[in-house]
Amino acid sequence: MKSVLVTGGAGYIGSHACKALLAAGYLPVTFDNLTTGWRDAVKFGPFEQGDLRDRGRLDQVFAAHQPVAVMHFAALSQVGESMSDPGKYWNNNVSGSICLLEAAVAAGCMEFVFSSTCATYGDQDNVVLDENSAQYPINAYGASKRAIEDMLHDFGAAFGLNHVIFRYFNVAGADQDAEIGEFHQPETHLIPLMLDAIDGKRAALTIFGTDYPTPDGTCIRDYVHVCDLVDAHVLGLKWLEQGRGNRIFNLGTGSGFSVREVIEQSRAVTNREVPFVEGPRRAGDCTKLVSGSTRAEQELGWAPTRSTLDKMIADAWRWHQTGHYSD
Ligand code: UFG
């Protein structure tokens, strides 16, 4: 069985990628420092604990598992925190990625799938966000991811490192079997916070800003189901194995929903009221992020089947009620 090194495999998206990789016939080797990931989420292959900035540890893991490719999910990813503590983001995300890219090249592991973000585009009113859109990130998180994209370009030119870059829109939902799901501590994302408010684990959801220039005043995002998202990664890996070259793909559905619309849909799916209060804007938030590209469908053959808002909320709700991690 071919091994794939999955950095951040103990995290939300990385753990779902491990499940999809195993189902597709690859052995996912999780590399994670467990600062935001969970040992309990590593269920589909070996676990190697380590920090990406520890080159010696990375060299050991490449030597032990001889992966054919890297899927690089490990990163700090909270927009708000990246604004209050930018150095933490540049250090963890960018320094860790430099070390990883150098270790991959040294090990001769030349296929690389990278988890980037629509936050690299920034706030661009009335612009269709496709892969050729300019990138003007307005938060340190997005800036750190854009820097890694640039690095991949340079490593491709210098060493022939082949890469697929996925720019995610807002990832939501959970595994169909609720074996794994979204679990952050502290939680900062809209849907899990809303589910907490619905079942009384927190008093109320705060809507961050009601004065945005959108129809109902709240931010608009393009939500994509985590299982659809990781399916694209397996297709991206195959794309690289077929020698199809370096490529960037947006992963979103092209449909945007406001915070108020997500609240309303959650009420409908759970059949419970959503306690919420209106608060000020959160630093670093873009008004609207919606993908305007069908490149992943057309070129990769990606066919998202679960990314309707009700399905994503229903799957997140099932996980919320049954699953959690403890170590
Ligand atoms: N929101 C609230 N209240 C909350 C939490 C979120 O109103 O308590 C709002 C935010 O202001 C935003 C929307 O809900 O408008 C979604 O917020 P999330 O924190 O769930 O997601 P973000 O859009 O901030 O960030 C996520 C990922 C990033 C990714 C980004 C792209 O965390 O990695 O999507 O939009 F880059």
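The following legends describe close-up views of a predicted model.

**View 1. The shell of residues around the ligand.**
The ligand is surrounded by 22 residues, and the closest are Thr-117, His-189, Thr-206, Arg-282 and Asp-285. Sorted by class, this shell holds 13 nonpolar, six polar and three charged residues. Helix H6 (190-198) and strand E8 (205-208) each contribute at least two residues to the shell. Strand E8 provides the largest share, four residues. Domain 1 (3-172 + 223-251) and domain 2 (190-221 + 254-322) each give at least three residues to the shell.

From the side chain of Arg-282, a polar atom lies 2.7 Å from an oxygen atom of the ligand. For Tyr-141, a polar side-chain atom is 3.0 Å from a ligand oxygen atom. Phe-208 takes part through its backbone: a polar atom there is 2.9 Å from an oxygen atom of the ligand. On its own the ligand has 680 Å² of accessible area, of which the protein covers 93%.

**View 2. The aromatic pair Trp-38 and Tyr-325.**
Seven aromatic pairs are counted in the model. In one of these, Trp-38 and Tyr-325, the ring centres are 6.3 Å apart and the planes stand at 35°, so the pair is tilted. That angle falls between the limits for the other two classes, as stacked requires planes under 30 degrees apart and edge-to-face over 60. The two residues are 287 residues apart, and their pair links distant parts of the chain. Trp-38 sits in the loop between strand E2 (26-32) and strand E3 (47-49), whereas Tyr-325 belongs to the segment after helix H10 (309-322). Both Trp-38 and Tyr-325 are buried.

**View 3. The aromatic cluster that includes Trp-38 and Tyr-325.**
Trp-38 and Tyr-325 also belong to a cluster with Phe-183 and Trp-319. The four residues are linked by ring pairs.

**View 4. His-163 and its contact with Leu-161.**
His-163 is part of strand E6, which spans residues 162-168. The relative accessible area of His-163 is 6%, so this residue is buried; the limit for that class is under 20%. A polar atom of the His-163 side chain lies 3.3 Å from the backbone oxygen of Leu-161.

Notes. Residues are numbered from 1 along each chain as its sequence is written. This is a predicted model: local features need pLDDT of at least 70, side-chain atom pairs count only at pLDDT 80 or more; totals for chains, interfaces and linings use all residues. Side-chain values use heavy atoms; hydrogens and water are left out. A residue is near a molecule or strand if one of its heavy atoms lies within 4 Å of it. A polar contact is a pair of N or O atoms within 3.5 Å; within protein, one must be able to donate a hydrogen and the other to accept it, and residues adjacent in sequence count only if both atoms are side-chain atoms. Accessible areas come from the Shrake-Rupley method with a 1.4 Å probe; for residues, only the protein chains shown count as cover. Ala, Val, Leu, Ile, Met, Phe, Trp, Tyr, Cys and Pro count as nonpolar, Asp, Glu, Lys and Arg as charged, and the others, Gly among them, as polar. Domain bounds come from an automatic or database domain assignment. Rings of Phe, Tyr and Trp (its six-membered ring) pair if their centres lie within 6.5 Å; planes under 30 degrees apart count as stacked, over 60 as edge-to-face and the rest as tilted. Buried means under 20% relative accessible area, exposed over 50%, partly exposed in between (1.4 Å probe, protein chains only).
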